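Student: I have a structure open and would like to talk it through with you. Could you start with whatever I need to know before we get to surface areas?
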Number of protein chains: 2
Amino acid sequence: MATMTAAERRARAREEYDAFLKGCPTNQLLDRISDKWVSLVVSALAAGPMRYSDLGRRIAGVSAKMLTQTLRSLERDGIVTRTVTPSVPVRVDYELTPLGASLSALLVAVKDWAELHISEVDEARERYDASASSASSASSASSASSAS
Amino acid sequence: MATMTAAERRARAREEYDAFLKGCPTNQLLDRISDKWVSLVVSALAAGPMRYSDLGRRIAGVSAKMLTQTLRSLERDGIVTRTVTPSVPVRVDYELTPLGASLSALLVAVKDWAELHISEVDEARERYDASASSASSASSASSASSAS
DNA sequence: CCGCATCCCCAACGATACTG
DNA sequence: CAGTATCGTTGGGGATGCGG
(Lines give C-alpha, C1' and ligand atoms only; values in the text may rest on other atoms or scores of the structure.)
Protein backbone atom coordinates (compact mmCIF):
# COMPACT_ATOMS: atom_id res chain seq x y z
CA MET A 1 0.00 0.00 0.00
CA ALA A 2 3.03 2.21 -0.19
CA THR A 3 2.13 3.27 -3.70
CA MET A 4 -0.90 5.46 -4.07
CA THR A 5 -2.93 5.83 -7.21
CA ALA A 6 -4.01 9.23 -8.37
CA ALA A 7 -7.56 8.31 -7.43
CA GLU A 8 -6.53 7.45 -3.91
CA ARG A 9 -4.65 10.68 -3.57
CA ARG A 10 -7.74 12.49 -4.78
CA ALA A 11 -9.88 10.76 -2.19
CA ARG A 12 -7.39 11.72 0.47
CA ALA A 13 -7.23 15.23 -0.80
CA ARG A 14 -10.98 15.42 -0.61
CA GLU A 15 -11.03 14.47 3.05
CA GLU A 16 -8.42 17.06 3.83
CA TYR A 17 -10.35 19.45 1.68
CA ASP A 18 -13.51 18.98 3.69
CA ALA A 19 -11.70 19.43 6.95
CA PHE A 20 -9.83 22.35 5.53
CA LEU A 21 -12.96 24.10 4.38
CA LYS A 22 -14.58 23.72 7.75
CA GLY A 23 -11.88 25.92 9.14
CA CYS A 24 -11.55 28.18 6.15
CA PRO A 25 -14.20 30.86 6.40
CA THR A 26 -13.14 32.47 3.17
CA ASN A 27 -14.17 29.47 1.19
CA GLN A 28 -17.45 29.20 3.05
CA LEU A 29 -18.17 32.73 2.09
CA LEU A 30 -16.97 32.23 -1.46
CA ASP A 31 -19.37 29.33 -1.72
CA ARG A 32 -22.22 31.38 -0.43
CA ILE A 33 -21.53 34.20 -2.82
CA SER A 34 -21.24 32.01 -5.87
CA ASP A 35 -24.82 30.95 -5.39
CA LYS A 36 -27.15 31.83 -8.21
CA TRP A 37 -30.01 33.13 -6.09
CA VAL A 38 -27.78 35.06 -3.76
CA SER A 39 -26.44 37.22 -6.54
CA LEU A 40 -29.90 37.83 -7.92
CA VAL A 41 -31.37 38.75 -4.55
CA VAL A 42 -28.50 41.02 -3.63
CA SER A 43 -28.67 42.70 -7.01
CA ALA A 44 -32.39 43.23 -6.66
CA LEU A 45 -31.97 44.72 -3.21
CA ALA A 46 -29.18 46.98 -4.39
CA ALA A 47 -31.89 49.25 -5.77
CA GLY A 48 -33.44 49.61 -2.34
CA PRO A 49 -35.56 47.79 0.25
CA MET A 50 -38.17 45.39 -1.05
CA ARG A 51 -41.00 43.30 0.26
CA TYR A 52 -40.87 39.54 0.12
CA SER A 53 -43.48 39.29 -2.59
CA ASP A 54 -41.84 42.08 -4.56
CA LEU A 55 -38.64 40.10 -4.62
CA GLY A 56 -40.55 37.04 -5.76
CA ARG A 57 -41.98 38.98 -8.67
CA ARG A 58 -38.78 40.83 -9.47
CA ILE A 59 -36.64 37.75 -9.67
CA ALA A 60 -39.14 35.75 -11.71
CA GLY A 61 -38.10 32.07 -11.85
CA VAL A 62 -37.57 31.74 -8.11
CA SER A 63 -39.71 29.48 -5.96
CA ALA A 64 -40.97 30.63 -2.58
CA LYS A 65 -38.83 28.00 -0.97
CA MET A 66 -35.57 29.16 -2.48
CA LEU A 67 -36.39 32.80 -1.93
CA THR A 68 -37.02 32.26 1.76
CA GLN A 69 -34.01 30.01 2.10
CA THR A 70 -31.74 32.49 0.38
CA LEU A 71 -33.04 35.43 2.39
CA ARG A 72 -32.65 33.49 5.63
CA SER A 73 -29.02 32.67 4.94
CA LEU A 74 -28.32 36.24 3.91
CA GLU A 75 -29.96 37.50 7.07
CA ARG A 76 -27.94 35.09 9.15
CA ASP A 77 -24.76 36.33 7.51
CA GLY A 78 -25.66 39.92 8.20
CA ILE A 79 -26.05 40.77 4.53
CA VAL A 80 -29.72 41.76 4.75
CA THR A 81 -32.10 42.83 7.47
CA ARG A 82 -35.58 41.43 7.87
CA THR A 83 -38.27 43.77 9.16
CA VAL A 84 -41.68 42.40 10.06
CA THR A 85 -44.60 44.82 10.20
CA PRO A 86 -47.44 43.07 12.05
CA SER A 87 -50.27 44.66 10.12
CA VAL A 88 -53.38 42.68 9.25
CA PRO A 89 -51.77 40.99 6.29
CA VAL A 90 -48.26 40.65 7.59
CA ARG A 91 -45.70 42.70 5.79
CA VAL A 92 -42.02 41.85 5.63
CA ASP A 93 -39.35 44.08 4.19
CA TYR A 94 -35.81 43.14 3.31
CA GLU A 95 -32.98 45.57 3.02
CA LEU A 96 -29.25 45.41 2.50
CA THR A 97 -27.09 46.10 5.51
CA PRO A 98 -24.02 48.29 5.00
CA LEU A 99 -22.09 45.04 4.80
CA GLY A 100 -24.48 43.77 2.15
CA ALA A 101 -24.20 47.01 0.26
CA SER A 102 -20.44 46.68 0.05
CA LEU A 103 -20.89 43.18 -1.30
CA SER A 104 -23.49 44.26 -3.81
CA ALA A 105 -20.99 46.72 -5.22
CA LEU A 106 -18.75 43.81 -6.16
CA LEU A 107 -21.58 41.83 -7.66
CA VAL A 108 -22.58 44.82 -9.72
CA ALA A 109 -19.00 45.03 -10.95
CA VAL A 110 -19.22 41.42 -12.07
CA LYS A 111 -22.49 42.12 -13.80
CA ASP A 112 -20.95 45.10 -15.55
CA TRP A 113 -18.04 42.95 -16.62
CA ALA A 114 -20.43 40.41 -18.07
CA GLU A 115 -22.27 43.06 -20.05
CA LEU A 116 -19.07 44.60 -21.25
CA HIS A 117 -17.42 41.39 -22.40
CA ILE A 118 -20.35 39.28 -23.49
CA SER A 119 -19.58 39.95 -27.14
CA GLU A 120 -16.02 38.70 -26.76
CA VAL A 121 -17.28 35.59 -25.06
CA ASP A 122 -19.81 35.00 -27.82
CA GLU A 123 -17.12 35.31 -30.45
CA ALA A 124 -14.89 32.92 -28.56
CA ARG A 125 -17.72 30.42 -28.37
CA GLU A 126 -18.40 30.61 -32.07
CA ARG A 127 -14.75 30.14 -32.86
CA TYR A 128 -14.54 27.22 -30.48
CA ASP A 129 -17.64 25.54 -31.84
CA ALA A 130 -16.52 26.11 -35.41
CA SER A 131 -13.10 24.58 -34.89
CA ALA A 132 -14.60 21.72 -32.92
CA SER A 133 -16.92 20.77 -35.78
CA SER A 134 -14.28 21.28 -38.43
CA ALA A 135 -12.08 18.88 -36.53
CA SER A 136 -14.37 16.00 -37.43
CA SER A 137 -15.26 17.22 -40.93
CA ALA A 138 -12.70 19.64 -42.28
CA SER A 139 -14.72 20.45 -45.39
CA SER A 140 -17.94 22.08 -44.24
CA ALA A 141 -17.41 25.24 -42.26
CA SER A 142 -20.50 25.35 -40.11
CA SER A 143 -21.65 28.79 -39.15
CA ALA A 144 -22.63 28.81 -35.53
CA SER A 145 -25.87 30.58 -34.81
CA SER A 146 -24.95 34.15 -34.19
CA ALA A 147 -26.06 35.87 -31.04
CA SER A 148 -28.92 38.34 -30.97
CA MET B 1 -59.64 31.43 -14.92
CA ALA B 2 -59.53 35.17 -14.67
CA THR B 3 -58.12 34.97 -11.21
CA MET B 4 -54.61 33.58 -10.92
CA THR B 5 -53.11 32.14 -7.81
CA ALA B 6 -49.63 33.09 -6.78
CA ALA B 7 -48.49 29.59 -7.70
CA GLU B 8 -49.90 29.91 -11.19
CA ARG B 9 -48.24 33.21 -11.65
CA ARG B 10 -44.99 31.66 -10.51
CA ALA B 11 -45.31 28.86 -13.04
CA ARG B 12 -45.98 31.40 -15.74
CA ALA B 13 -43.11 33.53 -14.62
CA ARG B 14 -40.86 30.54 -14.80
CA GLU B 15 -41.68 29.87 -18.44
CA GLU B 16 -41.04 33.46 -19.33
CA TYR B 17 -37.90 33.29 -17.26
CA ASP B 18 -36.54 30.36 -19.22
CA ALA B 19 -37.24 32.00 -22.53
CA PHE B 20 -35.87 35.25 -21.24
CA LEU B 21 -32.64 33.73 -20.12
CA LYS B 22 -32.06 32.10 -23.48
CA GLY B 23 -31.82 35.53 -25.01
CA CYS B 24 -30.08 37.20 -22.13
CA PRO B 25 -26.36 36.57 -22.43
CA THR B 26 -25.58 38.49 -19.29
CA ASN B 27 -27.42 35.99 -17.18
CA GLN B 28 -25.77 33.11 -18.95
CA LEU B 29 -22.46 34.58 -18.06
CA LEU B 30 -23.53 35.39 -14.52
CA ASP B 31 -24.52 31.77 -14.15
CA ARG B 32 -21.18 30.61 -15.41
CA ILE B 33 -19.29 32.90 -13.12
CA SER B 34 -21.23 31.99 -10.03
CA ASP B 35 -20.02 28.43 -10.39
CA LYS B 36 -17.94 27.15 -7.53
CA TRP B 37 -15.22 25.52 -9.62
CA VAL B 38 -14.94 28.36 -12.06
CA SER B 39 -13.93 30.81 -9.38
CA LEU B 40 -11.42 28.40 -7.91
CA VAL B 41 -9.83 27.60 -11.26
CA VAL B 42 -9.63 31.21 -12.32
CA SER B 43 -8.15 32.16 -8.97
CA ALA B 44 -5.56 29.42 -9.25
CA LEU B 45 -4.61 30.48 -12.76
CA ALA B 46 -4.35 34.10 -11.71
CA ALA B 47 -0.92 33.25 -10.34
CA GLY B 48 0.24 32.05 -13.74
CA PRO B 49 -0.06 29.16 -16.22
CA MET B 50 -0.50 25.71 -14.78
CA ARG B 51 -0.61 22.14 -15.96
CA TYR B 52 -3.76 20.10 -15.68
CA SER B 53 -2.41 17.92 -12.92
CA ASP B 54 -1.06 20.93 -11.08
CA LEU B 55 -4.50 22.44 -11.04
CA GLY B 56 -5.90 19.17 -9.74
CA ARG B 57 -3.47 19.23 -6.86
CA ARG B 58 -3.77 22.93 -6.20
CA ILE B 59 -7.52 22.96 -5.96
CA ALA B 60 -7.72 19.83 -3.80
CA GLY B 61 -11.31 18.57 -3.57
CA VAL B 62 -11.95 18.69 -7.30
CA SER B 63 -12.60 15.53 -9.31
CA ALA B 64 -10.95 15.02 -12.68
CA LYS B 65 -14.35 15.23 -14.28
CA MET B 66 -15.25 18.61 -12.90
CA LEU B 67 -11.81 19.99 -13.55
CA THR B 68 -11.93 19.02 -17.21
CA GLN B 69 -15.51 20.15 -17.55
CA THR B 70 -14.77 23.50 -16.00
CA LEU B 71 -11.64 24.05 -18.06
CA ARG B 72 -13.48 23.15 -21.25
CA SER B 73 -16.23 25.65 -20.65
CA LEU B 74 -13.69 28.30 -19.73
CA GLU B 75 -11.74 27.57 -22.87
CA ARG B 76 -14.89 27.78 -24.95
CA ASP B 77 -15.70 31.12 -23.40
CA GLY B 78 -12.26 32.45 -24.19
CA ILE B 79 -11.27 32.74 -20.53
CA VAL B 80 -8.38 30.31 -20.69
CA THR B 81 -6.16 28.86 -23.39
CA ARG B 82 -5.34 25.19 -23.63
CA THR B 83 -1.91 24.24 -24.92
CA VAL B 84 -1.13 20.63 -25.70
CA THR B 85 2.49 19.55 -25.84
CA PRO B 86 2.57 16.17 -27.58
CA SER B 87 5.45 14.74 -25.64
CA VAL B 88 5.45 11.08 -24.70
CA PRO B 89 3.24 11.55 -21.72
CA VAL B 90 1.02 14.29 -23.03
CA ARG B 91 1.38 17.61 -21.32
CA VAL B 92 -1.37 20.20 -21.21
CA ASP B 93 -0.99 23.74 -19.95
CA TYR B 94 -3.74 26.15 -19.14
CA GLU B 95 -3.37 29.89 -18.99
CA LEU B 96 -5.64 32.87 -18.54
CA THR B 97 -6.35 34.92 -21.63
CA PRO B 98 -6.35 38.73 -21.25
CA LEU B 99 -10.11 38.42 -21.00
CA GLY B 100 -9.73 35.83 -18.28
CA ALA B 101 -7.22 38.01 -16.47
CA SER B 102 -9.69 40.88 -16.34
CA LEU B 103 -12.27 38.53 -14.88
CA SER B 104 -9.86 37.11 -12.36
CA ALA B 105 -9.27 40.62 -11.05
CA LEU B 106 -12.94 40.79 -10.07
CA LEU B 107 -12.91 37.37 -8.48
CA VAL B 108 -9.85 38.32 -6.51
CA ALA B 109 -11.73 41.39 -5.33
CA VAL B 110 -14.53 39.15 -4.11
CA LYS B 111 -12.05 36.92 -2.36
CA ASP B 112 -10.48 39.94 -0.70
CA TRP B 113 -13.90 41.10 0.38
CA ALA B 114 -14.55 37.71 1.95
CA GLU B 115 -11.29 37.78 3.85
CA LEU B 116 -11.87 41.32 4.98
CA HIS B 117 -15.42 40.82 6.20
CA ILE B 118 -15.42 37.24 7.38
CA SER B 119 -15.25 38.33 10.99
CA GLU B 120 -18.33 40.50 10.62
CA VAL B 121 -20.18 37.62 9.04
CA ASP B 122 -19.15 35.29 11.80
CA GLU B 123 -20.37 37.70 14.43
CA ALA B 124 -23.64 38.11 12.59
CA ARG B 125 -24.09 34.34 12.48
CA GLU B 126 -23.46 33.95 16.18
CA ARG B 127 -25.90 36.69 16.96
CA TYR B 128 -28.49 35.14 14.66
CA ASP B 129 -28.06 31.65 16.07
CA ALA B 130 -28.17 32.94 19.62
CA SER B 131 -31.40 34.86 19.13
CA ALA B 132 -32.92 31.98 17.19
CA SER B 133 -32.37 29.51 19.99
CA SER B 134 -33.44 31.96 22.66
CA ALA B 135 -36.67 32.45 20.76
CA SER B 136 -37.83 28.89 21.40
CA SER B 137 -36.33 28.49 24.87
CA ALA B 138 -35.49 31.78 26.49
CA SER B 139 -33.69 30.06 29.34
CA SER B 140 -30.90 27.94 27.89
CA ALA B 141 -28.57 29.90 25.69
CA SER B 142 -26.88 27.32 23.49
CA SER B 143 -23.43 28.37 22.46
CA ALA B 144 -22.96 28.04 18.73
CA SER B 145 -19.72 26.38 17.75
CA SER B 146 -17.35 29.21 17.31
CA ALA B 147 -15.18 29.40 14.21
CA SER B 148 -11.48 28.76 14.40
C1' DC C 1 -0.39 12.16 -18.45
C1' DC C 2 -4.77 13.78 -20.23
C1' DG C 3 -9.57 13.24 -20.53
C1' DC C 4 -13.74 10.96 -22.14
C1' DA C 5 -17.68 7.56 -21.25
C1' DT C 6 -20.40 5.16 -18.00
C1' DC C 7 -22.79 4.31 -13.86
C1' DC C 8 -24.80 5.79 -9.76
C1' DC C 9 -26.11 8.50 -5.83
C1' DC C 10 -27.75 12.15 -3.20
C1' DA C 11 -28.88 16.87 -2.15
C1' DA C 12 -30.84 20.66 -4.26
C1' DC C 13 -34.76 22.41 -6.17
C1' DG C 14 -39.84 22.78 -7.58
C1' DA C 15 -44.66 21.82 -6.60
C1' DT C 16 -48.15 21.38 -3.43
C1' DA C 17 -50.66 21.93 0.70
C1' DC C 18 -51.14 23.90 5.16
C1' DT C 19 -50.45 27.49 9.38
C1' DG C 20 -50.24 32.30 11.60
C1' DC D 1 -49.14 38.02 2.75
C1' DA D 2 -45.26 35.39 4.57
C1' DG D 3 -43.52 31.25 5.81
C1' DT D 4 -43.17 25.97 6.88
C1' DA D 5 -43.41 20.93 5.92
C1' DT D 6 -43.53 17.22 2.85
C1' DC D 7 -42.78 14.64 -1.28
C1' DG D 8 -41.01 13.74 -6.09
C1' DT D 9 -37.92 14.62 -9.50
C1' DT D 10 -33.66 15.73 -11.71
C1' DG D 11 -29.20 16.68 -12.78
C1' DG D 12 -24.71 17.78 -10.65
C1' DG D 13 -20.89 15.55 -9.66
C1' DG D 14 -17.96 11.57 -7.70
C1' DA D 15 -15.93 6.86 -8.82
C1' DT D 16 -14.28 3.78 -12.12
C1' DG D 17 -12.35 2.14 -16.36
C1' DC D 18 -10.77 2.69 -21.11
C1' DG D 19 -8.57 5.15 -25.14
C1' DG D 20 -5.06 8.32 -27.11
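This is a predicted model: local features need pLDDT of at least 70, side-chain atom pairs count only at pLDDT 80 or more; totals for chains, interfaces and linings use all residues.

Student: What is the secondary structure of chain A?
Tutor: Chain A has six helices and three strands, and when you read along the sequence they come in the pattern α-α-α-β-α-α-β-β-α. If you take the contacts in chain A with a separation of 6 or more, 38% of them are between residues 24 or more positions apart.

Student: Which feature does UniProt place at residues 24-122 of chain A?
Tutor: The UniProt record, an unreviewed entry, places the feature "domain: HTH hxlR-type" there, at residues 24-122 of chain A. In the model, that stretch of chain A is 67% helix and 14% strand, and its end C-alpha atoms are 36 Å apart.

Student: Let's turn to helix packing. At what angle do α3 and α5 of chain A pack?
Tutor: Helix α3 (residues 36-46) and helix α5 (residues 64-76) of chain A pack at an angle of about 75°, with their axes 10 Å apart. Because angles of 65 to 115 degrees count as roughly perpendicular, α3(A) is roughly perpendicular to α5(A).

Student: And which residues meet there?
Tutor: From α3(A) there are W37(A), V38(A), V41(A) and V42(A), and these meet M66(A), L67(A), T70(A), L71(A) and L74(A) in α5(A). By class, the residues of this contact divide into eight nonpolar, one polar and no charged.

Student: How do α3 and α5 of chain B pack?
Tutor: In chain B, helix α3 (residues 36-46) and helix α5 (residues 64-76) pack at an angle of about 75°, and their axes are 10 Å apart, which makes α3(B) roughly perpendicular to α5(B). The residues in contact are W37(B), V38(B), V41(B) and V42(B) of α3(B), together with M66(B), L67(B), T70(B), L71(B) and L74(B) of α5(B).

Student: New topic: where is M50(A), and is it buried or exposed?
Tutor: M50(A) sits in strand β1 (residues 50-51) of chain A, and with a relative accessible area of 14% it is buried, since buried means under 20%. Not counting residues up to four places away in sequence, M50(A) touches A44(A), L45(A), L55(A), R58(A), V92(A), D93(A) and Y94(A).

Student: What about R125(A), which residues is it in contact with?
Tutor: R125(A), found in helix α6 (residues 98-136) of chain A, is in contact with Q28(B), L29(B), R32(B), R76(B) and D77(B), leaving aside its neighbours within four places in sequence. Its relative accessible area is 10%, so R125(A) is buried.

Student: One last thing, what is the phi of A60(A)?
Tutor: A60(A) has a positive phi of about 60° although it is not a glycine. The residue A60(A) lies in the loop between α4 (52-59) and α5 of chain A, and at 23% relative accessibility A60(A) counts as partly exposed. In chain B, A60(B) has a positive phi of about 60° as well, and A60(B) lies in the loop between α4 (52-59) and α5 of chain B.

Conventions
Residues are numbered from 1 along each chain as its sequence is written. Chains are lettered from A and ligands numbered from 1 in the order in which they are written. Side-chain values use heavy atoms; hydrogens and water are left out. Helices (H or I, at least four residues) and strands (E, at least two) are DSSP runs, numbered from the N terminus. Contact means heavy atoms within 4.5 Å. Axes are lines fitted to C-alpha atoms, for helices over the stretch in contact, and angles run from 0 to 180 degrees between N-to-C directions. Angles under 35 degrees count as roughly parallel, over 145 as roughly antiparallel, 65 to 115 as roughly perpendicular and the rest as oblique. Ala, Val, Leu, Ile, Met, Phe, Trp, Tyr, Cys and Pro count as nonpolar, Asp, Glu, Lys and Arg as charged, and the others, Gly among them, as polar. UniProt positions are given in the numbering used here, feature names are shortened, and annotations may be inferred rather than shown by experiment. Buried means under 20% relative accessible area, exposed over 50%, partly exposed in between (1.4 Å probe, protein chains only).
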